[in-house]
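Hello,

The structure we spoke about is handed over below. My notes on what was found in it follow.

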Amino acid sequence: MSEKSVDQGHDGRDLSDLDLVRRIKAGDEEALAQMIERYHARVYSLSYGVLRNAEDAEESTQDTFLTLYRKIEKFDESKKFFSWFYRVALNQAYSRARRRKASAKVSIQEHLPRFSEDGHLVSVDWPDASVAVEDEASARELAARAAEFIEELPRAYRDVIWMADVEEMPAAEIAEILGISIAALKSRLHRARLHVRQRLAEISRPALSAAGAGAAG
Amino acid sequence: MKKTKKGAAPPEIHCHAEELSCKSLVMEALYDFEEGTMPETERRELERHLEACPPCVRFLDSYRATGRTLRALKPREVPSTLARTVFEFVKARCAKK
């Protein structure tokens with residue numbers, strides 16, 4: 001989604017997000033229906049990323065639009081609507097996740113690539129990258145495990161990797177939604193990617209060992 | 001490097017790069033390299049490292065494979081009735097107030 005489209009809407013319709021906001025404030029139900037039509041899929045996808053469950057994601061989507069409707073009077077029209085709304089959706093999903101369970105977290109430092117003292121990669125533990133693209137069943141399994149590894153990250157890292165690499169949102173938009181600098185976004189995203197890559201490498205290591213492969217850097 | 005499976009010749013996995021370290025490449029430079037936001041001189045330096053460093057080439061492959069795996073996580077199917085369900089839900093809840 002481009003910066004421009006955020007304010008103009010995503011489906012080419014004449015009414016911008018701001019037009020819809022104003023109409024909803026005025027009690028226009030048709031505008032509410034149009035807003036839901038415009039954003040329900042993205043809110044669902046975001047919620048699914050946090051909750052990893054279709055039923056919870058659906059309920060969180062409902063609650064997000066209910067919150068939107070109830071709080072829309074407070075929306076500052078000088079701000080970008082979607083950035084505000086995305087934060088509402090994120091908070092809703094995390095609120096539901098907290099009620100559901102206390103999620104286990106690991107330190108972002110815990111699973112990063114390893115280097116020798118002179119700065120060379122320790123090469124024993126990376127996965128066969130071709131598995132991810134050549135074998136459909138393995139790709140599905142890897143994706144499921146990757147989702148688990150995202151879930152174990154601290155929230156600051158989960159949000160950026162989900163928005164950037166799963167939702168494929170532009171960096172500037174993510175930074176605005178989360179209220180962080182582009183530099184902070186890059187740092188968090190790279191660390192999160194390294195974490196997931198490393199965790200995927202760790203689960204592939206037994207298979208490599210079983211095959212008799214081994215190397216030390 | 002000790003051995004590989006079934007006595008085959010072991011792959012060459014040592015780093016022979018002399019300028020940029022593997023650690024700097026992986027921890028500091030890789031993001032901008034992959035995003036295409038790296039200055040040209042630094043990009044060339046990184047590419048020279050990759051030419052001399054099979055471990056970093058393999059690391060880069062796995063980093064990219066991780067990206068492909070993550071993109072596959074996006075839910076492909078949104079419930080077809082969701083928009084209508086949400087609208088009815090909001091209307092019903094607000095009518096109660």
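In chain B, 60% of the contacts with a separation of 6 or more are between residues 24 or more positions apart. This is a predicted model, and the notes should be read with that in mind. Chain B has four helices and zero strands, in the order α-α-α-α along the sequence. Of its 97 residues, 26% are buried.

Chain A, domains

Chain A is split into domain 1 (3-100) and domain 2 (123-210). Where they meet, 11 residues of domain 1 are in contact with 11 residues of domain 2. On the domain 1 side, H3 and H5 of chain A each supply at least two of the residues that touch domain 2. H5(A) gives the most to that side, with five residues. By type, the domain 1 side consists of four nonpolar, three polar and four charged residues.

H5(A) covers residues 81-100, which is 20 residues. From first C-alpha to last it reaches 29 Å, close to the 28 Å expected at 1.5 Å a residue.

H8(A) covers residues 155-166 and has 12 residues. Its reach is 15 Å, close to the expected 16 Å. This helix is mostly covered, with 10 of its 12 residues buried. Among them are Arg158(A), Asp159(A) and Asp165(A), along with Val160(A), Ile161(A) and Trp162(A). After H8(A) comes Glu168(A), which has a positive phi, near 55 degrees.

Cores

The largest nonpolar core has 51 residues. Those with the most contacts inside it are Ile36(A), Phe85(A), Ala146(A), Val160(A), Ile161(A) and Val196(A). Helix H3 of chain A (residues 29-51) gives the most to this core, with 10 residues. Both domains of chain A take part, each with at least three residues. Apart from this core lies another, of 13 residues, including Leu25(B), Val26(B), Cys56(B) and Tyr63(B).

One residue to look at is Ile36(A). Which residues does Ile36(A) touch, not counting those up to four places away in sequence? They are Phe65(A) in its own chain and Ala83(B), Val86(B) and Phe87(B) in chain B.

Regards

Methods. Residues numbered from 1 in each chain as written. Chains lettered and ligands numbered in written order. Predicted model: local features only at pLDDT ≥ 70, side-chain atom pairs only at ≥ 80, totals over all residues. Buried ≥ 20, exposed ≤ 12 C-beta atoms within 10 Å, placed from the backbone. Contact = placed C-beta atoms within 7 Å. Expected span 1.5 Å × (residues − 1). Core = buried A, V, L, I, M, F, W, Y, C linked by C-beta atoms within 7 Å. Domains from an automatic or database assignment. Nonpolar A, V, L, I, M, F, W, Y, C, P; charged D, E, K, R; others polar.
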